[in-house]
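Here is a short note to read alongside the model, written for someone opening it for the first time. The points can be taken one at a time, with the viewer at hand.

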Amino acid sequence: MASIVTTSLVKEYPGGVRGVNGLSLTVNDGEFFALLGPSGCGKTTLLRTIAGLEKTTSGRINIGDRDVTDLEPGKRKIAMVFQDYALFPHMSVADNISYPLKIQKMRKTDRLEEAEKVGDGLSLQGLMERRPGQLSGGQQQRVALGRAIASRPEVFLFDEPLSNLDARLRLEARTFLKKLQIDLGITTVFVTHDQAEALALADRIAIMKAGTLQQLGSPREVFQRPANIFVASFVGSTPMNLLPATVQDGRVLVSGTSLPLPASAEGLVAEGQSVTWGARPEYLHMSTTETADAFLGGVTISENLGASVLLSISVGESNVRVVVGEDQEPSMGTSVWVKVEPRRSLLFDSDGDRIGK
Amino acid sequence: MNSMQATADSSARPALMRHFLGLMGKTLFIALVLAFFVIPVLWLVFAPFDAHPSLTIKAPQFTFHNFEVLFQTPGAIASLGNSIILALGTMILVLVLGALASYALSRVKIPGRDILLYTLLLLSSIITGTAAMVPTFLLMVKLGLIDSQLGVILILGSGIMPTVIFILKDFMDSIPKSYEESARIYGAKPLRILWDVGVPLARPGLATIAVWAVVQVWGNFLVPYILLQTPSRTPAAVVIYTFYTEGGQPNLALISAFSLLFSIPVIAMYFFVNTRYGFRFYGGIKS
Amino acid sequence: MSEIDADAAASQKLRKSERVKRKGNRTSEDGDSAGLGKGRAAAFVAPAMLLIAIFLVFPALWTLYLGLTNYRLTGFAATHPRFVGIDNYVNALTDSRFLNSLGLTLLFVLGSAVIGQSVLGFAIAWMMTRVRKGVKSVVEFFVLLAWIVPSSVSTFLWLALLDRNNGTLNTLFGTGTTAWLLQFPMQSIIVFNTWVGTAFSMLLFSSALGAVPPTQLESSKIAGAGAWAQLRDVIFPHIRSHVLTNTILITLWTFNTFTPYLLTAGGPDHRSEILPVYIYRLALSEGSLGQGSAVSLIMILINLVIALVYLRILREKKS
Ligand SMILES: Nc1ncnc2c1ncn2[C@@H]1O[C@H](COP(=O)(O)OP(=O)(O)OP(=O)(O)O)[C@@H](O)[C@H]1O
Ligand SMILES: [Mg+2]
């Protein structure tokens with residue numbers, strides 16, 4: 001097992017596009033690490049550069065105590081699962097799983113035995129003689145995992161391995177993957193553009209934008225304390241409320257409502273400073289009776305989320321969204337108060353960066 | 001009412017007439033086309049089984065005797081063996097060299113690659129066996145490859161090689177790269193990747209090329225005619241012109257039986273490919 | 001060496017319409033998914049290129065040189081070829097036998113390829129769109145058979161057909177002992193080559209006709225267009241590029257075919273001596289290697305012109 005360290009990593013494509021632009025990060029030994037970001041931000045590029053499928057333009061990559069920057073992919077002790085799985089269509093499941101062992105010149109009987117073992121662990125019994133074309137998407141995905149496992153790598157690299165599955169199967173596969181990773185304890189880098197997947201699976205998440213790192217932290221940190229407006233709006237299944245605001249009398253004026261200063265920003269802002277105020281809809285409380293330090297507005301839209309409801313409330317010129325329990329759903333047009341906890345709200349400066357820790 | 005019926009009739013009659021004429025014309029056309037293409041071939045079907053084959057097509061006095069004579073004629077069966085040697089030799093040559101080259105050309109951007117490919121194709125289409133027969137003959141004399149089957153294989157192989165590379169590259173291009181990348185991640189070296197992934201996945205292309213190369217060589221008359229002299233090395237396409245009776249007349253019994261035997265492999269191969277992949281696909285296979 | 005040339009391109013074009021487009025895939029920037037690297041790639045390509053260089057390109061260049069000498073197959077000039085400059089070319093271009101041969105070749109190409117194969121091939125392909133499937137398979141089978149049979153055999157079939165004494169044609173038409181190959185040598189090889197080569201045009205046109213949208217044909221029918229109007233207004237605009245492709249390919253092949261030699265050997269009295277046959281007789285039968293090379297080069301140049309026109313059309317089609 002091994003950690004992965006990239007140092008000022010740059011990958012420039014011919015034509016000058018920088019897929020990865022000066023990235024330094026450490027993936028700890030045994031960690032489940034997610035790379036998250038919008039399409040085109042360089043996640044795949046980073047993964048492929050770590051794998052050695054792309055040549056590094058500058059910077060270094062270490063896996064464990066080895067500098068692998070100039071090493072062939074086959075010598076890096078990695079395994080990769082591609083988005084389309086890249087199973088060899090002309091080989092049986094058993095041959096696919098045991099292919100890495102064939103390259104390692106293991107005897108045929110030994111490697112088929114090994115494939116059998118790996119297949120059992122992935123509930124592929126009875127499918128070993130089939131071709132990939134005769135398998136469902138979920139089964140193919142497990143075969144691809146099996147091939148990766150059979151190679152006994154120090155590092156797993158997954159490029160959106162769940163994105164070709166339908167929604168229900170994806171949830172199942174997600175749980176399966178998490179359990180597998182815990183059992184094997186192999187350092188895993190997992191690329192996804194689905195923030196829910198990243199939050200659910202990862203020990204730590206790196207959020208990228210245009211080839212650069214935006215924030216690196218645990219799912220909780222990333223969710224509760226986004227480093228900037230980009231992360232704030234990208235992470236979370238319901239987008240964060242982000243409203244223009246001004247600092248006034250030690251409080252913050254948002255859409256005509258004066259709210260207490262967020263705890264993290266205390267002492268770090270100047271009177272009259274223009275800022276962006278942010279709070280997650282899940283962290284706001286609605287009340288039908290008058291409340292201090294709260295927005296007052298009418299309910300304009302209500303969207304059912306299952307056990308909860310997402311309300312849009314018009315406050316002055318702006319729109320504030322709040323998530324309430326299903327029992328609490330008010331009727332349309334009702335005037336309600338939305339209370340904000342200082343501990344759960346944030347301020348961002350004019351560059352979009354979070355103010356305070 | 002009467003007049004109405006009359007107009008209806010008068011408009012229907014020419015239409016019917018036209019339809020009838022159209023049908024006649026169509027049938028006549030098809031009959032003529034079939035006659036044109038079938039009549040010459042009939043000789044190949046009847047004469048081999050005729051006890052007294054002549055140049056006229058006629059219902060045969062059925063016999064297998066002609067084939068017996070054929071098997072006893074020195075050199076006849078051996079010449080088919082020579083055809084097989086030339087065809088398979090050329091096929092293996094172009095498959096191995098063509099697969100290696102097209103794979104590398106498909107995967108690595110060598111500067112000027114596309115121009116190179118088109119230039120080669122252009123060269124192979126303008127430097128034909130007929131146009132280059134003089135220097136080819138002289139070259140083989142100088143290299144000591146005159147009257148050698150290897151020489152014929154090299155000449156025929158080099159002539160079709162550009163086309164082989166061109167077609168195979170297209171097949172190689174269509175193989176998704178992630179297969180090779182996974183093999184590479186597990187430590188496979190390039191030759192190994194080509195063998196484990198490239199070759200199996202390009203199999204339809206390789207099969208096309210194999211059949212095509214065989215058909216090309218099998219029917220080629222000019223190159224072996226110019227380059228080979230020893231009768232025992234000569235392929236069927238040339239040997240067929242040496243079957244004469246003692247009276248100096250073409251030995252029709254022999255020639256007809258031999259023609260049939262010689263034609264069947266390519267016809268079979270062609271229709272095998274047809275039923276397997278459809279003709280559209282392989283329309284350009286033979287030239 | 002074969003007449004295949006751009007028939008590769010043609011078969012590709014036919015094939016592409018069939019091929020299911022595979023899903024595009026990500027790859028390293030230079031596409032080097034197997035990690036070949038430039039060095040190893042060169043090693044992979046080298047054997048094939050070497051073969052082509054030695055046995056295809058070198059002979060062509062040598063033709064260029066030989067054409068400038070008085071090289072002969074036997075005799076003094078075989079061991080001591082002398083440089084004669086452009087004499088051979090001047091001789092060739094003013095020699096009446098060469099001019100005769102060139103004229104016959106043009107006639108041969110025009111008659112058997114441009115007119116014979118294209119027109120017949122198109123007519124069959126078109127007719128086959130209006131007949132039952134069974135009839136279509138039978139007709140296509142026999143047209144293809146003529147194409148597939150090895151040339152050594154098909155020439156024998158035609159020798160049998162056209163023979164003076166016992167030939168099928170004379171029996172069939174009651175034309176006595178007409179010696180077709182002696183009395184009508186050019187007509188004979190033109191019809192023969194049409195017979196051999198029609199299949200390619202038929203295949204190409206039938207695939208082209210298959211791509212004409214049926215809705216357009218129906219709407220023209222509804223508008224009352226006759227067969228001729230339909231051909232002119234709907235079908236021809238769709239297959240124009242196929243007509244061009246077809247014409248050029250079969251021109252190139254017909255121009256280079258040696259097979260008629262097996263029917264008439266260029267005779268009688270040079271009356272069917274098309275260029276390939278002329279070169280063969282001049283250089284390898286009569287031994288004038290230098291003179292033969294000069295004619296070869298002229299032939300290569302004509303090939304080049306045809307091929308360049310073809311490449312140009314291909315490029316225009318692509319853009
Ligand atoms: N082969 C290439 N040549 C040039 N530019 C490329 C190449 N591959 C990717 N890029 C560019 O590099 C940037 C990063 O691409 P990358 O595929 O890494 O994004 P991604 O985060 O994986 O996106 P997605 O979520 O859509 O998969 C993009 O701007 C892309 O256009
Ligand atoms: Mg990606």
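Two residues are in contact here when they have heavy atoms within 4.5 Å. By that rule, 116 residues of chain C are in contact with 108 residues of chain B.

This is a predicted model, in which local features need pLDDT of at least 70 and side-chain atom pairs count only at pLDDT 80 or more, while totals for chains, interfaces and linings use all residues. Residues are numbered from 1 along each chain as its sequence is written, chains are lettered from A and ligands numbered from 1 in the order in which they are written, and side-chain values use heavy atoms, with hydrogens and water left out.

1. **Chains C and B.** Start with the area buried between chain C and chain B, which is about 10200 Å², with carbon and sulfur atoms giving 76% of it. Buried area is the accessible area (1.4 Å probe) that two parts lose on being put together, summed over both. On the side of chain C that touches chain B, helix α2 (residues 37–66) of chain C gives the largest share, 21 residues. Helices (H or I, at least four residues) and strands (E, at least two) are DSSP runs, numbered from the N terminus.

2. **Chain C by itself.** Chain C has 15 helices and zero strands. Of its 319 residues, 57% are buried, meaning under 20% relative accessible area (1.4 Å probe, protein chains only). Among contacts in chain C between residues at least 6 apart in sequence, 69% join residues at least 24 apart.

3. **Chains A and B.** Chain A brings 25 residues to this contact and chain B brings 15 residues. The area buried between chain A and chain B is about 1800 Å², and carbon and sulfur atoms give 61% of that. In chain A, the residues that lose the most area to chain B are A:H90, A:Y99 and A:I103, together 26% of what that side buries.

4. Three salt bridges are counted between chain A and chain B. One of the places to look is A:R48, which forms a salt bridge with B:E181, the closest N and O atoms being 2.9 Å apart. The elements giving two or more residues to the side of chain A that touches chain B are α1 (43–51), β6 (78–81), α2 (93–103) and α4 (137–150) of chain A. The largest share of that side, four residues, comes from α2(A).

5. **A sheet in chain A.** Four strands form an open sheet in the order β2-β1-β4-β5 (chain A), with antiparallel pairing. Because β2 (18–27) and β5 (66–67) of chain A stand at the edges, each with a single partner strand, one side of each is left without a neighbour in the sheet. Two strands pair if DSSP finds at least two bridges between them. Strand β1 (residues 4–12) of chain A pairs with β2(A) over seven bridges, in the antiparallel sense, and A:T6 has A:L25 in β2(A) as its bridge partner.

Definitions and conventions: Buried < 20%, exposed > 50% of the residue type's maximum accessible area, 1.4 Å probe, protein only. Salt bridge = Lys/Arg side-chain N within 4 Å of Asp/Glu carboxyl O.
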